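Below are some notes for a colleague who is opening this entry for the first time. They are set out as numbered points, to be read alongside the sequence and the structure.

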Amino acid sequence: MTYIKSKIRHPKQPKNSIGYVKADYEGALSTLCAGCGHDSISAAIIEACYEMSIEPHRLAKVSGIGCSSKTPTYFLGNSHGFNSVHGRMPSITTGANMANRDLIYLGVSGDGDTASIGLGQFCHVIRRNLNMTYIVMNNGCYGLTKGQDSATADFGSVNKSGTENPFPAIDLAGLALELGATFVARSFSGDKTQLIPLIKAAMSHRGFAFLDVISPCVTFNNNMGSTKSYEYVRDHIPATAAHEFVPQEEEILISYPGGSNTSVRLHDGSSIQLHKLNANWNPIDRNTAVNRLQQAKINGEILTGLLFVDKDSRDLHEVINSVDQPLNSLRKELLCPGTSALNKINDGLR
Amino acid sequence: MTKACRVNDMVIRFANVNGTGSASANDLFSKAIFRMGIPLSSKNVFPSNIQGLPTWYEVRINENGFLGYCDGVDIMVAVNPQSFTRDVASVNKGGYFVYDSTKKLHPDLIREDIHYIGIPMMQLCMENYETPRQHQLFKNIVYVGALAALLRVELEVIRQIIHELFSKKEKLIPPNVKALELGANYALEHYSEPLNVKVERRDNIKDKILIDGNSATALGAIYAGATVGAWYPITPSTSVISAFEKYCKRLRVDAETGKNKFAIIQAEDELAAIGMVIGANWNGARAFTSTSGAGISLMSEFLGLAYFAEIPLVLVNVQRGGPSTGMPTRTQQSDILICAYASHGDTKQVLLFPSTPADCFEMTAMAFDLADRLQTPVIVMSDLDLGMNNHVSPPLKWDDKRQYDLGKVLNKEQLEHMEDYGRYLDVDDDGICYRTLPGTHPTKGAFFTRGTSRDEHAKYTEDAATYVRNGERLQKKWQTTKRYVPGPAFHQPKSEHALGVVYFGTSNYSTLEAVDSLARQGIHFDVMQVKAFPFNDDVKNFFEAHEQVFVVEQNRDAQFRSLLINELGLLPNRVLSALNFDGMPITAAHILKQIIKQLPEMKPAGVNL
Ligand SMILES: Cc1ncc(C[n+]2csc(CCOP(=O)(O)OP(=O)(O)O)c2C)c(N)n1
Ligand code: SF4
Ligand SMILES: [Mg+2]
């Protein structure tokens with residue numbers, strides 16, 4: 001059952017720059033287990049969209065199947081959403097984006113949805129650099145089918161029934177880097193201060209923005225020995241940097257004590273400011289990102305933060321040279337070549 | 001051997017090696033017959049292979065317009081020694097075997113009851129051209145020249161076509177014309193006696209065109225305003241998208257910006273292809289995909305989603321020989337049931353059955369209107385024979401006044417004045433509800449599309465009564481669908497015989513030829529062509545008006561018959577079958593034989609079974 005939250009508005013509720021209150025970005029009441037990491041990610045999405053002043057109807061939510069893929073019901077209730085079939089969110093989003101390049105596309109998936117049944121579509125949507133944000137709510141298991149190991153479960157991680165996973169994990173962030181993703185970040189559902197700016201930056205990126213968010217499953221994979229439990233993640237989480245997202249019209253004010261600061265200006269004029277925690281890492285160099293990720297793996301760490309961004313990439317519409325107007329807005333007059341053209345074609349076939 | 005000469009009625013088969021350039025030479029020959037005003041059909045019989053295996057190209061010339069495939073060959077043009085044995089055997093008694101006499105024929109290949117016409121094709125080429133590649137290419141034109149001369153095809157017509165073909169590469173015209181003449185002159189000098197078949201100019205083509213079904217399908221999609229095409233390569237549907245791309249580049253590039261008013265995506269597989277099409281249609285663009293064989297199986301899950309979530313989409317199924325990889329380069333109509341009931345659960349899909357390229361054009365364009373109107377997938381059931389072979393077809397027709405039927409989609413103003421919007425509310429009592437597109441209105445009309453059960457306001461529910469209500473509304477929509485899809489066509493003003501024949505798709509020519517020939521033997525049938533599924537009452541009435549009805553189809557299991565019996569509640573013993581599933585198009589002789597076999601009491605004297 002889904003419950004609809006009452007939409008009582010307090011007059012004093014703050015509004016964002018386009019006049020919407022936070023409640024305008026909320027959705028139905030979540031039916032996920034209490035404490036599920038996915039709910040925290042939904043909350044971060046709501047926060048990010050509210051703060052970025054996105055018009056809710058200019059964003060489309062697309063997902064596959066799983067507990068994670070249910071979450072689009074629980075945020076942005078004024079946006080159209082599409083809960084498709086298992087592992088196929090990328091293709092639905094690709095078609096939707098081809099039809100209307102003017103909307104923001106937010107894809108939500110799970111680790112089962114992405115790393116197993118949907119691995120092929122995940123790889124190919126990266127190759128095409130589709131302009132979308134792709135969030136994986138990664139809990140290392142199949143929540144909705146009751147906790148089986150997923151392909152992102154770490155080697156040796158112990159699941160609720162006490163079995164050690166005998167297979168190596170697919171590292172989705174590493175894979176995305178390898179396949180040429182133009183924005184790759186990793187975060188943790190329990191770290192709002194990092195997650196929110198990363199979601200904002202991902203949505204401002206033109207091209208494919210991938211966010212691998214570790215999101216513990218409290219019911220099936222939060223036990224001792226699991227490498228995706230809250231406790232384990234908190235204990236093993238270094239970050240690439242402290243992040244701040246700076247909208248286009250604002251000046252960059254933040255500065256951190258110590259360390260070195262970098263700012264990456266994104267396509268739409270906004271920027272993400274990074275307070276780098278490691279001097280040997282450069283967010284616009286794919287190689288250092290791959291190396292850092294590999295090194296973290298060897299150290300048994302879960303590296304989070306912005307890993308890589310290529311801010312000048314060409315998205316799929318540019319590659320296929322489609323018109324600037326959304327294709328779904330073209331009417332018959334612009335699409336149908338008419339009788340005289342057809343007569344010419346007929347003549348050519350005689 | 002008879003010396004009476006048959007005019008404009010013959011079958012010619014070219015036996016070639018694939019990858020040697022013979023296809024364009026064979027087309028050149030066909031085009032010449034067409035330009036002489038004589039109806040013909042041509043079939044490519046090709047292997048699933050790129051180079052080196054035997055291929056055949058078969059032309060049936062028939063001035064009465066019986067253009068179905070038929071067994072038996074009057075003239076064999078044998079250019080491939082690999083298949084000589086088989087090729088010699090397939091010539092009709094009294095027919096001709098035209099071969100490359102550069103090398104002597106093996107004595108085993110000599111039959112007493114056929115004529116041999118040796119043309120030293122390779123030798124003529126070696127004497128007149130330099131490179132081995134030229135020898136191979138012009139050899140094809142040499143046999144076209146020889147055959148044309150033997151059959152009295154007007155050489156001037158062929159010369160004209162060569163000029164048109166190479167208008168952009170004029171250098172190639174003289175060597176091609178020369179090859180044509182080398183062949184023709186040799187044939188005339190050495191075989192001066194007329195053959196027992198020949199062609200003669202007629203005026204039976206009128207305004208018709210020569211086109212393959214897949215090109216016509218692609219044009220139908222363009223005229224219907226399709227902007228998104230997603231696909232994965234598979235024979236025989238690949239050329240639908242290649243033609244779509246070719247014509248889009250010609251007709252759909254914005255003159256000012258040079259940008260494309262279309263998006264074609266070669267997907268990673270058929271699942272992704274149909275997923276993209278669903279995403280695009282959900283978002284209000286007209287989108288389609290085409291596939292064959294295994295692609296249909298892969299698309300099954302998504303077809304169920306589109307049915308249940310009520311998303312329009314157009315799928316062109318160019319059927320080929322199954323099951324599994326089956327006979328990928330042969331034709332069949334064997335996806336009827338899997339398409340009609342595609343996907344798990346209670347599902348039904350709308351099907352259209354084109355018979356000619358003109359149908360491919362019209363039905364594809366219509367499919368987009370139907371899909372949008374009915375908010376459901378529409379599958380155009382073409383096949384390899386229709387899709388990949390050239391057919392003489394009525395010209396493609398479009399009415400500039402014709403508007404697209406985009407169905408029930410609410411715009412911003414309509415939403416503005418709406419109190420209670422529910423995506424699955426049956427406001428008009430026809431089972432079809434109102435859609436909204438993402439991005440339409442800031443606060444109204446958004447809903448969540450899903451393949452799970454939901455209520456009238458698109459909210460997830462597992463409530464049994466709500467689920468049943470939705471299922472029943474979908475049934476009501478199915479009834480409404482019958483009013484929109486094209487009804488059957490009848491070949492007689494009204495039924496007058498006890499026996500009926502039903503066909504659909506590419507069994508058209510052979511069925512009509514068989515019925516014609518039965519009528520000449522005193523057995524009369526009423527004929528119905530079914531054009532769409534669901535079947536409307538006219539289809540049912542035809543069965544009720546006839547004691548026995550034969551259903552002609554090109555699969556093993558009589559799938560169409562099953563569908564008819566199941567959907568219309570027909571008595572199985574009154575519905576008989578004439579089937580072919582060998583991968584070649586069904587022939588009139590085959591239909592005739594099967595019908596007569598099942599009507600022993602009606603067997604006319606003198607008919608051999
Ligand atoms: C084709 C298909 N196979 C299997 C399922 C069953 N199924 C539903 S959700 C799911 C796994 C979901 O795991 P994940 O994507 O990690 O999401 P989570 O529930 O963990 O958030 C599976 C196997 C399905 N819906 N469709
Ligand atoms: S089963 Fe796990 S993933 Fe699913 S809702 Fe519960 S905690 Fe979340
Ligand atoms: Mg999971």
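Predicted model: local features only at pLDDT ≥ 70, side-chain atom pairs only at ≥ 80, totals over all residues.

1. Ligand 1 itself lies between chains A and B.

2. Of the 18 residues around ligand 1, those that come nearest are Cys67(A), Ser68(A), Gly112(A), Asp113(A) and Gly143(A). Three elements of chain A, namely helix 2 (67-70), helix 4 (111-115) and strand 5 (141-142), each supply at least two residues of this shell, and helix 4 of chain A gives the most, with 3 residues.

3. Backbone atoms of chain A come close to oxygen atoms of ligand 1: a backbone N or O atom of Gly112(A) lies 2.7 Å from one such oxygen atom, and a polar backbone atom of Asp113(A) is likewise 2.7 Å from an oxygen atom of the ligand. For Leu144(A), the distance from a polar backbone atom to an oxygen atom of ligand 1 is 3.0 Å. Of the 590 Å² of accessible area that ligand 1 has on its own, the protein covers 76%.

4. Turning to chain B, the domain assignment gives domain 1 (6-198), domain 2 (210-393), domain 3 (412-484) and domain 4 (489-602). The centres of domain 2 and domain 4 of chain B, taken over C-alpha atoms, are separated by 27 Å, and the contact takes 26 residues from domain 2 and 26 residues from domain 4.

5. Between domain 2 and domain 4 of chain B the buried area is about 2100 Å², with carbon and sulfur atoms giving 54% of it. Gln333(B), Phe353(B) and Ser355(B) supply 31% of the area that domain 2 of chain B buries against domain 4 of chain B, more than any other three residues.

Conventions:
Residues numbered from 1 in each chain as written. Chains lettered and ligands numbered in written order. Heavy atoms only, no water. Near = heavy atom within 4 Å. Polar contact = N/O pair within 3.5 Å; in protein donor to acceptor, adjacent residues only side chain to side chain. Areas by Shrake-Rupley, 256 points an atom, 1.4 Å probe, with all protein chains shown as cover. Helix = DSSP H or I, 4+ residues; strand = E, 2+ residues; numbered from the N terminus. Domains from an automatic or database assignment. Contact = heavy atoms within 4.5 Å. Buried area = accessible area lost by both parts, 1.4 Å probe.
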